[in-house]
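I opened the model to take notes chain by chain. My entries follow in the order I looked things up.

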Amino acid sequence: MFNTLGLLTVSLTVLATFFITVIVFIRNPRSASHILLSLMAILLIAWAATNYLALSPGSEETRLFWVRIVMFVTTPLAPLIFLLASVFPEANFNIKKSLFLVILFSTLFTAAIALSPYTFTKLVNLPDGSFRLYPGWGIIAYAINLMVLLSWGLAKLVQKYKKSNGLLRKQLGIFVYSIVISFSLMTLTNFIAVVVFKTISLTMLGPTFTLLIVAGISYAIIRHGLLDIKILATELFVVFLLLILFAKIVIFTSIGELIVDVVIFVSVLFFGILLIRSVIREVMQREKLQVLTERLKAVDKQKDEFVSMAAHELRAPMTAIKGYLSMVVEGDAGDIPEKARGFLADTAAINERLIRLVNNMLNVSRIEEGRMVYQIEQENLSSVVRAAFAQFRSETERKGLKFELIIPPEIKDRIEVDMDRIHEVVANLLSNAIKYTEKGKITVRLSQPNPGNVRFEVEDTGPGISKEEQGKLFQKFVRAESSIGKTTGTGLGLYICRLLIEKFYGRIGLISEEKKGSIFWFEIPLVNKKVTA
Amino acid sequence: MAQDKVQQTTSFQPQAVKEEETQKGPTVLFIEDDTLLLKMYKTKFENEGFRVLTAQDGEEGLSMAKDQNIDLVILDIMMPILSGLDMLAQYRQDPKGKSVPVIILTNLTREDEMKRARELGVKEFIVKADYTPSEVVRKIKDYLGK
C-alpha cells in the first residue's frame, strides 16, 4: 500500500516538475529567473526521490544515508527562493556579489554539515516501519539558513508586490501565494505531524507540495502576457487529466491495455492543447475588447471635456454681446432711432438663440452625470413665463405671428425649482414653437389640471409631428425631421427639457397631429398642496 | 524728491476717496479678468448710481478690498494669479472682509466650487450669460435691499 501510493505520488511529482521545468527553461535558457527556477526544480526532484528512498524499508545505515542526502539537497532551496525573489521577474542576475558570496558560503557550509553526523547523529528503526532521528547542532544551522533566507525572500516579494501594479502585481501575487501555501502545507506534514503527532508517514507528501511552488512560479514567469484564471484553470485541468492517464500507462497490466491507454493519452493531449489554445484566444479577444472599450471611454471623456470647455469659452463673448446690446437698447448710450432699436432687438434675439445652443451643449453632460449645480428656490411659475414671453415678443412680431399669453388670475403656481433652469425649459419650448411656425398663432397657457400641479402649455399652428416621431422626440440627438422638413438644431433641447423637468419631479409631453400644430406641455408639483385645495 | 512724492500720493488718495464717498450709492468692487465685461458692468453700475472699483485678478482685488471700504464684492471664479475662491478665503481672514457680502458672477460653476463659496459666506450666484447687465443690477439691488 505504502509503496504503490508512495511511488505513484513521487513519480507524478517528479514527472510534473520535470515537464514544467523543461517548458520554462526552453522559453528563455539565458534568463536568471528561468535558470534559478530550473535549478530549484532539479533539487525538488532530487528531494522527492531521496525522500522516497529514505522512507522505504531498509537498514538503519542506508536510511540515515538517504536522510542526510535529503537534508543536503533541500539546503539550497531557501537560498534559491531568496535569489529568485530578488531577481524576479528580470532576466539579469542583479545580486550584489558580496551578498551572493555570503549566501553561497553559508549554504555550502550548511549542506556539508548536513552530510556529516552533526546534523543527524543517529537513526533508529521502529517496529512500525518508521524511524526516529536524533538531531545534532547542525540542524540549527539548517533551520537558520532556511528561516532567514525564506522570510527575507518573502519580505522582498511582498515589498515588490506593494509597489507594483497591473500585471507584475498579479505575477508577484501568484509567486507569494504559491510559496506561502506550499510551505504551510509542508509545515503541517513535515513538522507538525512529525513533532506533535509523531508520524513520519505524511512526510512523503512534502515534495508534492513543492509542485505548487514550481507550477506557480513557472506560470508567473512564462505566462506574464496572459495571466488569466480561466486559462490557468483549463491548463491545470488538462495537466491533471494527463497525469492521471500517464500514471495509468505506467502501471499497465497487459499490452492491449497499454495500447488503449497510450491512444487515450495522446488524443487527450491533442485535444487538451486545442482546448487551451482556444481558451487563450478567447481571453485575448476579451482583453483586446477591454482595451478598446477603455480607449473609447477615454476619447468620449475627452470629447465631453472639450465641448464643455469650448462652450464655456463661447459664453464670455456672448455675454459681452448680450450685455452691450441690452445696454444700447435700454438707452445707456443715449437715444437711438426706433428702426435701429428693432435691428438690435433682432440681434439680441439671435444672440439669445446662440446662448441657448451653447447652454444646451454645456449642460447636457453636466445634467447626465449629475454635475449640474441647482439653486433651488420657491417662485411663481407665472413670473418666469411672463419674463420668457416678453423676451420672445419681438421675434414673433417680426415673423408676423400672433403671440398670446393666458394666465388665469387665481391660479396657484408656487413651485420649488431652480428658476433659471425652468426659464431655460420655457425658453427652449417657446423658441421651438416660433422656429417651426411660419404663420398663425402661438399661445402660451398656464392652467391647473389638478390641485397639486401647475401646467404650462405652448400651442403652435406649425406643421405638427407624426406619431412615430413623437415617441422619440425627447431622446438625445433626436430632431423631428421628416414631418417638419427642417433640420436645424442639435437635437438636445427637448432632451434637456425632459431631464430638467424630471429633476424637479414633473412630467413633460406633447399633443400633436400632422398639419394641425403641436402643444408642448409640462406639469410641476406645487409647493404646498393643501393651500391649493 | 522721494518724500515729496509720498506726500503727494498720501495726501491725494484719501481726498479722492472722500469725494466719491460723498456720493450716495453703495461701493461695489468688481473682480473680473475679462476687460470687456468689466468695462460693461462698470458703465452700467455707474449709470445706476453705484461707486464702482475694479480689479482684474484675485491678488489685485484682494489688496483693493483690504484698502477700501466696500459694501459688496462681485467676484468671478476663474481668474489668473489668484482665483476668486482663493482670494475670498484670504479676504475672510482679514478683519475688513469678515462680513462684507460677496456675490459670485461667473459663467461656470462646479458643485465643489459652489460648496466652498457657500462655506465662505456666499449667498448669491449669478451666471453671466443668463442675465443682461440691467438684470444683474436689479438682482444686486434686491440683494442689498434684503
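**Entry 1: ground rules.** I count two residues as in contact if their C-beta atoms, placed from the backbone, lie within 7 Å. This is a predicted model, where local features need pLDDT of at least 70, side-chain atom pairs count only at pLDDT 80 or more, and totals for chains, interfaces and linings use all residues. Residues are numbered from 1 along each chain as its sequence is written, while chains are lettered from A and ligands numbered from 1 in the order in which they are written.

**Entry 2: the A–B contact.** I looked up both sides. Chain B puts 21 residues into the contact, and chain A puts in 18 residues. On the chain B side, helix H2 (35-47), helix H5 (111-119), strand S5 (124-127) and helix H6 (133-145) each supply at least two residues. Helices (H or I, at least four residues) and strands (E, at least two) are DSSP runs, numbered from the N terminus. Which element gives the most to the side of chain B that touches chain A? I find H2(B), with six residues. By type, I sort this side of chain B into nine nonpolar, six polar and six charged residues. My classes: Ala, Val, Leu, Ile, Met, Phe, Trp, Tyr, Cys and Pro are nonpolar, Asp, Glu, Lys and Arg are charged, and the others, Gly among them, are polar.

**Entry 3: chain B overall.** I list six helices and five strands. From the N terminus the elements run α-β-α-β-α-β-α-β-α-β-α. Buried residues make up 31% of the 146 residues in chain B. Buried means 20 or more other C-beta atoms within 10 Å of a residue's own, exposed means 12 or fewer, and partly exposed lies in between; C-beta atoms are placed from the backbone. Among contacts in chain B with a separation of 6 or more, 63% join residues 24 or more positions apart.

**Entry 4: the chain B sheet.** I traced an open sheet of five strands, in the order S2-S1-S3-S4-S5, with parallel pairing. Two strands pair if DSSP finds at least two bridges between them. Strand S2 (51-55) and S5 of chain B stand at the edges with a single partner strand each, so one side of each has no neighbour in the sheet. I then took one pair from the sheet. S3 (residues 72-75) and S4 (residues 102-106) of chain B pair in the parallel sense over three bridges. B:Ile74 stands opposite B:Ile103 in S4(B).

**Entry 5: helix H12 of chain A.** I checked its length. At 1.5 Å a residue, the 19 residues of H12(A) (residues 381-399) should span 27 Å, and the end C-alpha atoms are 27 Å apart, which agrees. The expected span is 1.5 Å times one less than the number of residues. Among the buried residues of H12(A) I note A:Leu381, A:Val385, A:Phe389 and A:Phe392. After the helix comes A:Gly400, with a positive phi near 75°.

**Entry 6: A:Ile376.** Is A:Ile376 buried or exposed? I call A:Ile376 exposed, because 12 other C-beta atoms lie within 10 Å. A:Ile376 is found in strand S3 (residues 376-380) of chain A. Leaving out residues up to four places away in sequence, A:Ile376 touches A:Glu416, A:Val417 and A:Asp418.

**Entry 7: strands S4, S6 and S7 of chain A.** Five bridges join S4(A) (residues 402-406) to S6(A) (residues 441-450), and the two run parallel. A:Leu405 has A:Val444 as its bridge partner in S6(A). S6(A) also pairs with S7(A) (residues 453-459), in the antiparallel sense over six bridges. S6(A) and S7(A) form a hairpin with two residues between them.
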